[in-house]
Amino acid sequence: MAKARFSRIGFILAAAGAAVGLGNIWKFPYITGMYGGGAFVAVYLITVLLIGFSLLAGEMLVGYKGGKDAVSSFEIVAPDGKKSWKYAGFMLFSGLIIMTFYSVVIGWIFHYIYLSVSGGLPTTMDEAKTTFDNLVGISPAISTLWHFLATLFVGVVLMGGIKSGIEKANLILMPLLLVILGGLMVYAMSFDGFGKALAFMFEPDWSKINSEAIVRAVGHAFFTLSIGIGTMVTYAASMSHKQSVFKAAMWVTLLDTLIALIAGVMIYSFIFEYGAEPGQGPGLVFKTLPIVLSQMGTTGIIISIIFFLALAFAGLTSAISLTEPAVEYFIQRFHWSRLKSVIINTSLYFIVGVGAILSYTKEYGSTFSIGDKPLFDALEFTTDSILLPLGGLAIALFVGYVLSEKEREHIVKHQVNPTVYKVWLFSLRYVAPLAIVFMMLNNFGIIKI
């Protein structure tokens, strides 16, 4: 049977769906607020181009050339005598680990859709804090139910495979996401707060930037494109061979960045219009924004439903891509059926996810902790600070140094002009590895600036 392949637009939307996730609509706006707005955005845009795009194109290149699951693709592309690089492909299990807590966060979003529909949005900061704290720490059964529904959705899509599952879901969810965010942006343009949001996002005040902000900008530029977890290797293995790796990577980077910027401007338009503070940290979407929307009456309820639906769509498209590399690995390496692979992989992360939920409760927190960290936080730290940077570093070193010049030229050089190729290779060999190593050392407190 011929290998199922994405259509051109199907691949771009699937890869963009992998990149566009909660980091764009939840994390990017709140860290922008924490680090002063425009200066942080400027640093982010520079690093997403120099580091993010370079690694994304490199990871796609491995899958495009290898045409298999992540482990097999590294093994196929590696030169003779260097086949041990196949172990870099085990980065694919990072996605499964991420899903243990990512699915839980998607469940929280489902809960806020329910609150929006049922008229239960909080109206004060105390009420907002109580609502969120109850969901996270006091009502594990509710969180587990939403976590299960998110897992079920991902499993059903993955059972459809590349064409009938992943591509079809992204052909529906990604355009819907763009329409919803675009509509909310147009509505936000009618606010006086829209001008303040633009100024906050795009007028850099360099006095507000510091070394910590730069590290966070580099980290977010790296993570927002779903690099270093085998997703892009796995997806690119099923892209059309008539499609340009560089053009596809460019479109994915542009879409991912555009959606983050739109989400930031839109959210801050609401925040400034109703006098809320921008630097609210992770609670911006789950605490501050619901209060703002509740002040808008019926219109606010409608907007809240639409906004959290967009957030759910972004989360689910990424969740699909985080799970598919492991599913594909067991299909190709162990000849499992897709049904078996999907059920076992989704069940594994669902079970661990229940432990992550319980780790935030008083009753079970100490049982589901690693050292002094709740399991949820330990899993997040392990992936963000160790596994994903190592995966990105492996991509940079493998494509930049191990892959032969002949192989790189054959796939890449005819797709771009020589100058762009040289800049890309320089970034892959020097800029990206140094940035990743520095970020890891900073995360562990070995280097503090």
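Modeller: R408 is buried, at a relative accessible area of 1%. Bear in mind that this is a predicted model.

Colleague: Which side chain does R408 meet in a salt bridge?

Modeller: As a general idea, side chains of opposite charge can pair when their charged atoms come close. In this structure R408 meets E405, with 2.4 Å from N to O.

Colleague: How far apart are E405 and R408 along helix α17?

Modeller: They sit three residues apart in that helix, which spans residues 405-411, so about one helical turn separates them.

Colleague: Is E405 buried or partly exposed?

Modeller: The cut-off for buried is under 20% relative accessible area. E405 has 31% and therefore counts as partly exposed, whereas R408, at 1%, is buried.

Colleague: Which salt bridge partner does E75 have?

Modeller: E75 pairs with R333, and their closest N and O atoms are 3.3 Å apart. This pair links distant parts of the chain, 258 residues apart: E75 is in helix α4 (residues 70-77) and R333 in helix α14 (residues 297-334).

Colleague: Are E75 and R333 buried or partly exposed?

Modeller: E75 is partly exposed, with a relative accessible area of 26%. R333 is partly exposed too, at 31%.

Colleague: How many salt bridges does the count come to?

Modeller: The count is six. The rule behind it takes a side-chain nitrogen of Lys or Arg within 4 Å of a carboxyl oxygen of Asp or Glu.

Colleague: Turning to the pockets, what volume does the largest pocket have?

Modeller: Its volume is about 1300 Å³. The lining of the largest pocket consists of 48 residues, and those nearest the pocket centre are K27, Y30, R216, E380 and D384.

Colleague: Which helix gives the most to the lining of the largest pocket?

Modeller: Helix α16, residues 375-402, gives the most, contributing eight residues.

Colleague: How do the lining residues of the largest pocket divide into nonpolar, polar and charged?

Modeller: There are 27 nonpolar residues, twelve polar and nine charged in that lining.

Notes:
Residues numbered from 1 in each chain as written. Predicted model: local features only at pLDDT ≥ 70, side-chain atom pairs only at ≥ 80, totals over all residues. Heavy atoms only, no water. 1 Å grid on protein atoms, 1.4 Å probe; cavity = no way out; pocket = protein on both sides within 12 Å on 5 of 7 lines; lining within 4 Å. Points joined across faces, edges and corners; volume = space filled by probe spheres on them. Helix = DSSP H or I, 4+ residues; strand = E, 2+ residues; numbered from the N terminus. Nonpolar A, V, L, I, M, F, W, Y, C, P; charged D, E, K, R; others polar. Buried < 20%, exposed > 50% of the residue type's maximum accessible area, 1.4 Å probe, protein only.
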